[in-house]
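Please consult the sequence and the structure while reading the points below.

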Amino acid sequence: MKQDKKKQTLLQNPKNQSKGPKQQVTQKLPDDMESEIRDCFNFYDPSRTGFINRQNMRSILGNFGFINKTVKDIEEEIRDVVEETRDSFSLKDVIQLISRKWFENKGRDDEIDEIYELFVRKDRKVGLSEIKNVFAQYLDIQISDADILEFIQDASKDKDGLTKEDIAAKMGYI
């Protein structure tokens, strides 16, 4: 009985588990996201040494899904992925950390939910008026109704509005 309670506690609170060997993420981030990470990395590495410092690493991570984490939490994430303690990090290290967050810690799912909630209003489907509203409010660009309708027709399975799954598929997340 005590062993069952211990298993249940470990399953409910995985941070209490002893750390095993470091896991490598095998899934690949979307190409545009990797490109954005590379651009951020290069911004912090203007002399192209191939390495950035710990503070710059935390800044990049803050832009890619580590928003509500404390410095202590981010440092723990770094220790979980990077084998040894060090103060400089390569682009590969940055991509590995973000990939882990993205695929193992539901970062991708959180982003899909956030994007969907930005657009959705009444009937849980995204249509012409919702897209026009978001574009007008956040992007300040003009796009024709015909272009938006074409996008909806292309992305929507049932052709009468976008669901969260339609948006995720169009963005290459699923």
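This is a predicted model: local features need pLDDT of at least 70, side-chain atom pairs count only at pLDDT 80 or more; totals for chains, interfaces and linings use all residues.

What share of the contacts in the chain with a separation of 6 or more is accounted for by residues 24 or more positions apart? The share is 55%.

**Overall organisation**

- The chain contains 9 helices and 2 strands.
- Of the 174 residues in the chain, 34% are buried.

- Helix α3 spans residues 54-63, and its buried residues are Arg 54, Asn 56, Met 57, Ile 60 and Leu 61.
- These buried residues line one face of the helix, because they fall within an arc of 160 degrees when α3 is seen down its axis.
- Gln 55 and Asn 63 are exposed and sit on the face of α3 that is turned away from the buried side.
- The cover over the buried residues of α3 includes the helices α2 (31-44), α4 (71-81) and α5 (91-104), together with the strands β1 (52-53) and β2 (88-89).
- At the N-terminal end, α3 is capped by Asn 53, which places a side-chain oxygen 3.1 Å from the backbone nitrogen of Gln 55.

**Packing of α3 against α4**

- The axes of α3 and α4 are 11 Å apart, and the two helices pack at an angle of about 100 degrees.
- Angles of 65 to 115 degrees count as roughly perpendicular, and α3 and α4 are therefore roughly perpendicular to each other.
- On the α3 side, the contact is made by Arg 54, Met 57, Arg 58 and Leu 61; on the α4 side, it is made by Val 71, Ile 74, Glu 75 and Ile 78.
- Among these α3 residues, Arg 54, Met 57 and Leu 61 also belong to the buried set of the helix.

**Gly 62 in α3**

- Gly 62 belongs to helix α3 and counts as partly exposed, with a relative accessibility of 26%.
- Gly 62 and Ile 74 are 12 residues apart along the chain, and their C-alpha atoms are separated by 8.9 Å.
- Ile 74 is one of the α4 residues that make the contact with α3.

- Glu 34 is placed in helix α2.
- Residues under 20% relative accessible area are classed as buried, so Glu 34, at 15% relative accessibility, counts as buried.
- Leaving aside residues up to four places away in sequence, Glu 34 touches Lys 28, Leu 29 and Ile 95.
- Arg 48 lies in the loop between α2 and β1.
- Arg 48 is exposed, because its relative accessible area is 52% and the class begins over 50%.
- The phi angle of Arg 48 is near 55 degrees, a positive value in a residue other than glycine.

**Glu 111 in α6**

- Glu 111 is located in helix α6, which covers residues 107-119.
- With a relative accessible area of 28%, Glu 111 is partly exposed.
- Between Glu 111 and Ala 168 there are 9.4 Å in space, C-alpha to C-alpha, and the two are 57 residues apart in sequence.

Technical notes:
Residues are numbered from 1 along each chain as its sequence is written. Side-chain values use heavy atoms; hydrogens and water are left out. Helices (H or I, at least four residues) and strands (E, at least two) are DSSP runs, numbered from the N terminus. Buried means under 20% relative accessible area, exposed over 50%, partly exposed in between (1.4 Å probe, protein chains only). Contact means heavy atoms within 4.5 Å. The arc is that of the directions from the helix axis to the C-beta atoms. A polar contact is a pair of N or O atoms within 3.5 Å; within protein, one must be able to donate a hydrogen and the other to accept it, and residues adjacent in sequence count only if both atoms are side-chain atoms. Axes are lines fitted to C-alpha atoms, for helices over the stretch in contact, and angles run from 0 to 180 degrees between N-to-C directions. Angles under 35 degrees count as roughly parallel, over 145 as roughly antiparallel, 65 to 115 as roughly perpendicular and the rest as oblique.
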